[in-house]
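Here's a quick tour of one model, taken a region at a time. Have the viewer open as you read.

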Amino acid sequence: DSLGQDPALSPDRSPVPTAAVYLLHGVDDNVIPARESSLLAAHLRGKTRVRHLLSGFLTHADVADRPSVKDTWEMIAFWTALGEEQ
């Protein structure tokens with residue numbers, strides 16, 4: 001019971017990160033629904049810098065079999081933005 005009450009498990013009960021937050025989630029993730037990262041991005045926007053991408057390029061932790069050209073360019077843009085913000 002005490003583990004489930006840890007504030008670190010809840011964005012509402014945790015301090016807002018001071019660093020930029022990058023959320024990259026596979027659209028077809030069969031372990032954690034992609035909607036979870038969308039909800040977290042919405043929660044953090046306006047409180048810290050957030051970059052969020054739902055991608056067909058990934059599944060849960062692997063690259064999908066054949067990502068589309070669009071998914072590939074979105075992935076390149078996501079990582080390029082990260083490099084530019086450093």
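## Ground rules

Contact here means heavy atoms within 4.5 Å. This is a predicted model, with local features needing pLDDT of at least 70, side-chain atom pairs counted only at pLDDT 80 or more, and totals for chains, interfaces and linings using all residues. Residues are numbered from 1 along each chain as its sequence is written, and side-chain values use heavy atoms, with hydrogens and water left out.

## Thr48 in its loop

Start with Thr48, which sits in the loop between H1 and E2. Helices (H or I, at least four residues) and strands (E, at least two) are DSSP runs, numbered from the N terminus. Leaving aside neighbours within four places in sequence, Thr48 is in contact with Val16, Pro17, Thr18, Ala19 and Val21.

Thr48 counts as buried because its relative accessibility is 15%; buried means under 20% relative accessible area, exposed over 50%, and partly exposed in between (1.4 Å probe, protein chains only). Its side chain also reaches the backbone oxygen of Pro17 at 3.0 Å. For such polar contacts, the rule is a pair of N or O atoms within 3.5 Å; within protein, one must be able to donate a hydrogen and the other to accept it, and residues adjacent in sequence count only if both atoms are side-chain atoms.

## Helix H1 and its buried side

H1 runs over residues 34-44, and Ala34, Ser37, Ala41 and Leu44 are buried in it. They are on the same side of H1 because they cover an arc of only 90° around the axis, going by the directions from the helix axis to the C-beta atoms. Strand E1 (21-26) and strand E2 (50-55) are among what covers these buried residues.

Take Leu44, in helix H1: its relative accessible area is 6%, so it is buried. Not counting residues up to four places away in sequence, Leu44 touches Val16, Pro17, Val21 and Val50. Leu44 and Asp12 are 32 residues apart in sequence, and 9.7 Å separates them in space, C-alpha to C-alpha. Just after H1, Gly46 takes a positive phi of about 90°.

## The largest pocket

The largest pocket has a volume of about 160 Å³. On a 1 Å grid over the protein atoms alone, a pocket is an open set of points where a 1.4 Å probe fits, with protein on both sides within 12 Å along at least five of seven lines; lining residues have an atom within 4 Å of a point. Points are joined across faces, edges and corners, and the volume is the space filled by probe spheres set on them.

Which residues line the largest pocket? They are Pro11, Leu23, His25, Glu36, Ser37, Leu39, Leu40 and His43. E1 and H1 are the elements giving two or more residues to that lining, with the largest share, 5 residues, coming from H1.

## Two residues on the strands

His25, one of the lining residues, belongs to strand E1. Its relative accessibility is 9%, so His25 counts as buried. The His25 side chain makes a polar contact with the side chain of Asp29 (3.2 Å). Beyond four places in sequence, His25 is in contact with Ile32, Pro33, Ala34, Ser37, Leu53, Leu54 and Ser55.

Over on strand E2 is Arg51. Is Arg51 buried or partly exposed? Arg51 is partly exposed, because its relative accessible area is 31%. The side chain of Arg51 reaches the backbone oxygen of Ala77 at 3.4 Å.
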